[in-house]
Amino acid sequence: MAKKPDPSLLLAETYPFTLSIDTQFGDMDAYAHLNNLAIAGFYESARARIQLHITGRKDFFKPDSADKMLLIEARLQYLAEGHYPEPVEIHTGIGHIGNSSYRLHQALFQKAKCIGLCEAVMIYTLDGKPCSIPSDMRKMLESQRIANFESNPIHRD
């Protein structure tokens with residue numbers, strides 16, 4: 001049986017970064033429910049956008065960029081059905097920041113209701129190897145922290 005999520009994660013105002021996405025016809029199943037693959041893609045798009053926002057760099061995702069932030073773990077929790085054609089909002093914030101990694105928390109909203117959560121761990125790499133997050137990037141990550149939130153894990157006991 002799934003544990004109940006931390007109630008603060010269900011509130012849009014918890015998160016400092018928001019991305020709105022229009023759902024597409026191909027995002028749904030035969031019942032007009034948003035399918036799991038589409039939902040994972042919404043979270044991925046928001047993770048990429050917050051990376052661009054945090055770093056201010058457009059080369060961060062290029063194959064020849066020496067440094068990268070890589071997704072090493074993602075856990076999704078489905079709370080309610082989403083439906084086409086309504087748009088979705090993905091709210092994102094930084095939880096724990098470690099030496100070479102940090103934890104992102106995301107909430108998926110449709111019609112002002114939280115329908116899902118995602119917790120993702122990102123790792124900073126330089127020349128393909130984990131490396132300490134540079135101080136300037138750490139400051140940018142701090143600017144997107146979720147206020148007054150203990151980041152680990154997505155559920156509380």
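Of the 157 residues of the protein chain, 43% count as buried. The radius of gyration is 16 Å, which agrees with the value near 15 Å that a compact globule of 157 residues would have, and the C-alpha atoms fill a box of roughly 45 × 35 × 25 Å along the principal axes.

The protein chain contains two helices and six strands, and their order along the sequence is β-α-β-β-β-β-β-α. Among contacts between residues at least 6 apart in sequence, 71% join residues that are at least 24 apart. Confidence in the model is expressed by a mean pLDDT of 91 for the protein chain, with 94% of its residues reaching 70 or more. Over residues 152–157, however, the pLDDT is below 50, although this stretch has 21 contacts in the model beyond near neighbours in sequence. Where pLDDT is low, the predicted coordinates should not be read in detail.

Apart from its neighbours within four places in sequence, Tyr-43 is in contact with Leu-76, Ile-90, Gln-106, Ala-107, Leu-108, Gly-116, Leu-117 and Cys-118. One of these residues, Gly-116, places its backbone oxygen 3.2 Å from a polar atom of the Tyr-43 side chain. The C-alpha atoms of Tyr-43 and His-91 are separated by 9.0 Å, while the two residues are 48 apart along the chain. Glu-119, in strand β5 (residues 113–126), is likewise buried, with a relative accessible area of 5%, and its side chain is joined to that of Arg-103 by a polar contact of 2.7 Å.

A search of the whole structure finds one aromatic pair. The pair is formed by Phe-25 and Tyr-84, with 6.0 Å from centre to centre and 85° between the planes, and it is edge-to-face because planes over 60 degrees apart are assigned to that class. The partners belong to distant parts of the chain, 59 residues apart, with Phe-25 in the loop between β1 (17–21) and α1 (36–55) and Tyr-84 in the loop between β2 (67–78) and β3 (88–97). Phe-25 is exposed, with a relative accessible area of 58%, whereas Tyr-84 counts as partly exposed at 27% relative accessibility.

Backbone geometry was also examined in the loops. Most residues other than glycine have a negative phi, and most peptide bonds are trans. Tyr-84 is joined to Pro-85 by a cis peptide bond, with omega of about 10°, and Pro-85 lies in the loop between β2 and β3. Ala-32, which is not a glycine, has a positive phi of about 65°; this residue lies in the loop between β1 and α1 and counts as partly exposed at 23% relative accessibility. Asp-127, also not a glycine, has a positive phi of about 55°. The place of Asp-127 is in the loop between β5 and β6 (129–130), where the residue counts as exposed, with 60% relative accessibility.

Definitions and conventions: Residues numbered from 1 in each chain as written. Predicted model: local features only at pLDDT ≥ 70, side-chain atom pairs only at ≥ 80, totals over all residues. Heavy atoms only, no water. Helix = DSSP H or I, 4+ residues; strand = E, 2+ residues; numbered from the N terminus. Buried < 20%, exposed > 50% of the residue type's maximum accessible area, 1.4 Å probe, protein only. Polar contact = N/O pair within 3.5 Å; in protein donor to acceptor, adjacent residues only side chain to side chain. Phe/Tyr/Trp six-rings, centres within 6.5 Å; stacked < 30°, edge-to-face > 60°. pLDDT = per-residue confidence, 0-100. Contact = heavy atoms within 4.5 Å. Rg over C-alpha atoms; globule rule 2.2 N^0.38 Å.
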